[in-house]
Amino acid sequence: MATVELRFSALPEHVRTARLVAAAVARRAGVEEAALDEVRLAVGEACSRAVGLHQSNGISAPVRVLLTEEEKQFSIEVGDEAPHIVPGDEPAGADAVEADAEAEEDEMGLAVISGLVDDVEVTTGENGGMIRMSWPTTPPGAVAFPA
């Protein structure tokens, strides 16, 4: 199992680099050429979400991206260190309006990712969140037939 770890400052201009690295590693891992655009778009959306969460919460820690090549799949984990609202801890008043707007934007980003990737897992908590996405791979020299 080979893993590439990428950490970058929570700045929008670094999202493009993460997308390019993810596509290159996915190609090398054996993700079908037709799925590489999905990889790029999903990683871009996940990284943009993490950057936005870091910036809106004043977090200076880097965004983490793990790209892992396993025997029959390639997975990407995008992690943030932003506190996510835990049920029961919802803010009140003006903070609630801002939290609702952030939650709506967050849901939109997650919907885009879910539309691009069949295998998605999202975990959140007060110490950060993580989006894990995975794609099947084709071993070198194997011929992939449509299902």
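Reader: Which residue forms a salt bridge with Asp 37, and how far apart are the closest N and O atoms?
Author: In this predicted model, the partner of Asp 37 is Arg 40, and their closest N and O atoms are 2.5 Å apart. The two residues are three apart in helix α2, so about one helical turn separates them.

Reader: OK, what about Glu 70, which residue is its salt-bridge partner?
Author: Glu 70 forms a salt bridge with Arg 132, with 3.6 Å between the closest N and O atoms. Since Glu 70 lies in the loop between β2 and β3 and Arg 132 lies in strand β5, the pair ties together parts that are 62 residues apart in sequence. Glu 70 itself is partly exposed, with a relative accessible area of 28%, and a network of salt bridges links Glu 70, Glu 77 and Arg 132.

Reader: How many salt bridges does the count come to?
Author: The count comes to eight salt bridges. One of them joins the side chains of Glu 33 and Arg 27, at 3.0 Å from N to O; of this pair, Glu 33 is exposed, with a relative accessible area of 53%, whereas Arg 27 is partly exposed, at 43%.

Reader: Back to α2 for a moment, how far apart are its end C-alpha atoms, and what span should I expect?
Author: Helix α2 covers residues 36-56, and at 1.5 Å a residue its 21 residues should span 30 Å, which agrees with the 30 Å between its end C-alpha atoms. After the helix comes Gly 58, whose phi is positive, near 65°.

Reader: Where is Glu 38 found, and what is it in contact with?
Author: Glu 38 is found in helix α2, and, leaving aside neighbours within four places in sequence, it is in contact with Leu 116 and Trp 135. Its C-alpha atom is separated by 9.4 Å from that of Gly 115, a residue 77 places away along the chain. At 32% relative accessibility, Glu 38 counts as partly exposed.

Reader: Switching to the core, which residues touch the most other members?
Author: The largest nonpolar core has 31 residues, and those touching the most other members are Phe 74, Ile 76, Val 78, Met 133 and Trp 135. Among the elements that give two or more residues to this core are β1, α1, β3, α3 and β5, and α2 gives the most, with eight residues.

Reader: What does Met 133 touch, then?
Author: Not counting residues up to four places away in sequence, Met 133 touches, among others, Ala 42, Val 43 and Ala 46, as well as Phe 74, Ile 76, Val 78 and Ile 113.

Reader: Last one, how do β4 and β5 pair?
Author: Strand β4 (residues 119-125) and strand β5 (residues 128-136) pair in the antiparallel sense over seven bridges, forming a hairpin with two residues between them. Within this pairing, Val 122 stands opposite Ile 131 in β5.

How values were computed:
Residues are numbered from 1 along each chain as its sequence is written. This is a predicted model: local features need pLDDT of at least 70, side-chain atom pairs count only at pLDDT 80 or more; totals for chains, interfaces and linings use all residues. Side-chain values use heavy atoms; hydrogens and water are left out. Helices (H or I, at least four residues) and strands (E, at least two) are DSSP runs, numbered from the N terminus. The expected span of a helix is 1.5 Å times one less than its number of residues. Buried means under 20% relative accessible area, exposed over 50%, partly exposed in between (1.4 Å probe, protein chains only). Contact means heavy atoms within 4.5 Å. Two strands pair if DSSP finds at least two bridges between them. A nonpolar core is a set of buried Ala, Val, Leu, Ile, Met, Phe, Trp, Tyr and Cys residues joined through side-chain atoms within 4.5 Å. A salt bridge is a side-chain nitrogen of Lys or Arg within 4 Å of a carboxyl oxygen of Asp or Glu.
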